[in-house]
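Please look over the structure shown below.

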Amino acid sequence: MRTTPRGVFVALALTPLLAGCFVSGAEGSDTEGGSAGRLRVALARPPVQALSPYSDDATLLGKLSVVEGLTALDKNGAAAPALAKSWKRTNPTTWTFELRKATFQDGTQVTADAVVNALDHADAATPKPRVLNDVTLTAKADDADTVTIRTKAADPVLPLRLASPVLAILSAKAYAKDGTASPIGTGTGPFKVTKLTGKSKAALDRYDGYWGGRAKAPGIDVTWIADGTARANALRGGDVDIAEWIPTAQAKLLDARTRHEVPSVRTDSLVLNTGDGLFTDPALRAAAREAVDGSALVDSVFGGYADPAQGLFGPAVSWAADKRVEVTGRAKAATSAQVRSKTKGKVLRLAAFTNRAELPEAATVLQQQLEQAGFTVKQDVREYTQMEADLLAGRYDALVFSRVVLLDTGDAVAYLASDYKSDGVYNIARLKDSKVDQAIKSAAEEGDTTKRQQKIMAAEAQVLRTDAVVPLVHEKVVQGIATNVEGVLLDPRERSLIDVDTHLK
């Protein structure tokens, strides 16, 4: 397979250019915008590791067009050229990538050696990035502009994998001896980070040497506002030009012109800890699954901006419904009397995080449903960065979780492997099930697109069989955009937000 080069980086977006607007207070006056045309953006989830590309911060770097990989995702979710202008697969485990002429934000050249260095550092990172959870790759520079990448086993979606911001190519200056990486001034995108103020603010300036042309906005001023109501108020008050993830309770309070609904590949679920505590018992997991009702959340919590969950993959994953596999072999649910007997008064530790305003509300509804089934429930609700280590360490029995299921690669196998394989690096459910492992492995090895999708849905059925996760709703994301802003990317996968065309009128 060989791609054809494109003139500009293609970010995944529902529409390439979108005008938005807002009202300020009761008067409805428009904001004057940021200083000298700079975009003011309110994001929801603060950096967890000082914008490390090896953490969930990589998504922030992609949203703000700071970094790029060898490839990108186009609006259909297919691999498109980025730092690599073309590529070909020479055998099942070997791919060759031809680089375009580009420079890093520190002025150095993007070369094959720089690409190999970046990929080697990503592969050696601890913990291992989710996108590399199910693959082992090695990169070699053939000449200054050619890189050959080999995988231990056949990886038919390697070009999709390389589009992940976790595998962004940074200059040599980014990498410290301790294995950490800093994207500040070392990326290749149209905007460079010039200042990071803890977990509250960041300043980005336009990088005029960007290979895809000068960005229309001179810079971006980012503020992280974890509280969703505060984000909506900042937009209404004219303090920001773009506010992501407007809570559904706030959406209808915005001027209709500022409210932009985006079908999302985000599924909200109740994830159960199968490795420790109450939910090591399959009968208790089944009881929890029968107790919770996601459809009750659609109107009461999400204000209609959601659909009842059909599985792990919702309507925004267009091919999923027609290929869904019936779930069989589930454990028999314990009755409420059996639940009380089995738990013997032990408390079910239910976690939720505040970055998405709906999740604590959903947790309260689920607590009531679980208590009716015989469980004794105690909530722990905090900001995500305060909870991540405890979640991965298995210190909760259950988590009300919101997950973009096509985030890491645009391919569902990577999500399944990281979240549900026995050795998955984001396996909050702590699931260890040989049938699940085999189903995911089979999907990962399939190169035919239709057959791969069928195997993904077979793997979904195997995951659901274990009751390690109970899907609740498929979200519709609401983004807030002021009237004087053009070119915001509305992305079902939530990987893109601002690019070279985003600007104030």
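The points below are grouped by topic.

This is a predicted model, in which local features need pLDDT of at least 70, side-chain atom pairs count only at pLDDT 80 or more, and totals for chains, interfaces and linings use all residues. Residues are numbered from 1 along each chain as its sequence is written, and side-chain values use heavy atoms, with hydrogens and water left out. Helices (H or I, at least four residues) and strands (E, at least two) are DSSP runs, numbered from the N terminus.

Two packed helices are described by the angle between their axes and the distance between the axes. Axes are lines fitted to C-alpha atoms, for helices over the stretch in contact, and angles run from 0 to 180 degrees between N-to-C directions.

- Helix H12 (residues 412-420) packs on helix H14 (residues 449-465) at an angle of about 25°, and the two axes are 10 Å apart.
- H12 is therefore roughly parallel to H14 (under 35 degrees counts as roughly parallel, over 145 as roughly antiparallel, 65 to 115 as roughly perpendicular and the rest as oblique).
- The crossing of H12 and H14 is left-handed, a term for a near helix turned anticlockwise from the far one by less than a right angle, with clockwise being right-handed.
- In this pair, H12 contributes Ala412, Val413, Leu416 and Tyr420, and H14 contributes Arg452, Ile456, Ala459 and Val463; contact means heavy atoms within 4.5 Å.
- The residues of the contact of H12 with H14 comprise seven nonpolar, no polar and one charged (Ala, Val, Leu, Ile, Met, Phe, Trp, Tyr, Cys and Pro count as nonpolar, Asp, Glu, Lys and Arg as charged, and the others, Gly among them, as polar).
- Helix H13 (residues 434-445) also packs on H14: the axes come within 8 Å and cross at roughly 165°.
- H13 is therefore roughly antiparallel to H14.
- H13 passes H14 in a left-handed crossing.
- On the H13 side the contact is made by Lys435, Val436, Ala439, Ile440, Ser442, Ala443 and Ala444, and on the H14 side by Arg452, Lys455, Ile456, Ala459, Gln462, Val463 and Arg465.
- The contact of H13 with H14 has eight nonpolar, two polar and four charged residues.

**Arg452 in H14**

- Arg452 is located in helix H14 and counts as buried at 6% relative accessibility (buried means under 20% relative accessible area, exposed over 50%, partly exposed in between, with a 1.4 Å probe and protein chains only).
- Beyond its neighbours within four places in sequence, Arg452 is in contact with Pro156, Val157, Asp411, Val413, Ala443, Ala444 and Glu446.
- A distance of 13 Å separates the C-alpha atoms of Arg452 and Ala154, which are 298 residues apart along the chain.

**Helices H6 and H9**

- Helix H6 (residues 282-291) and helix H9 (residues 336-343) pack at about 135°, with axes 11 Å apart.
- H6 is therefore oblique to H9.
- The crossing of H6 and H9 is left-handed.
- Ala283, Leu284 and Ala287 of H6 meet Val339, Lys342 and Thr343 of H9.
- Four nonpolar, one polar and one charged residues make up the contact of H6 with H9.

**Asn355**

- Asn355 sits in the loop between strand E14 (347-353) and helix H10 (358-372), and is buried with a relative accessible area of 0%.
- With neighbours within four places in sequence left aside, the contacts of Asn355 are Ala44, Arg45, Pro46, Ala226, Arg231, Trp245, Glu383 and Tyr384.
- The side chain of Asn355 makes a polar contact with the side chain of Glu383 at 2.9 Å (a pair of N or O atoms within 3.5 Å; within protein, one must be able to donate a hydrogen and the other to accept it, and residues adjacent in sequence count only if both atoms are side-chain atoms).
- A polar atom of the Asn355 side chain lies 2.8 Å from the backbone nitrogen of Tyr384.

**Backbone geometry**

Most residues other than glycine have a negative phi, and most peptide bonds are trans.

- Thr126 and Pro127 are joined by a cis peptide bond, with omega about -5°.
- Pro127 lies in the loop between helix H2 (112-124) and strand E6 (137-143).
- Ser65 is not a glycine but has a positive phi of about 55°.
- Ser65 is in the loop between helix H1 (57-63) and strand E2 (71-73), and counts as buried at 8% relative accessibility.
- Glu494, also not a glycine, has a positive phi of about 60°.
- Glu494 is in the loop between strand E18 (485-486) and strand E19 (503-504), and counts as buried at 5% relative accessibility.
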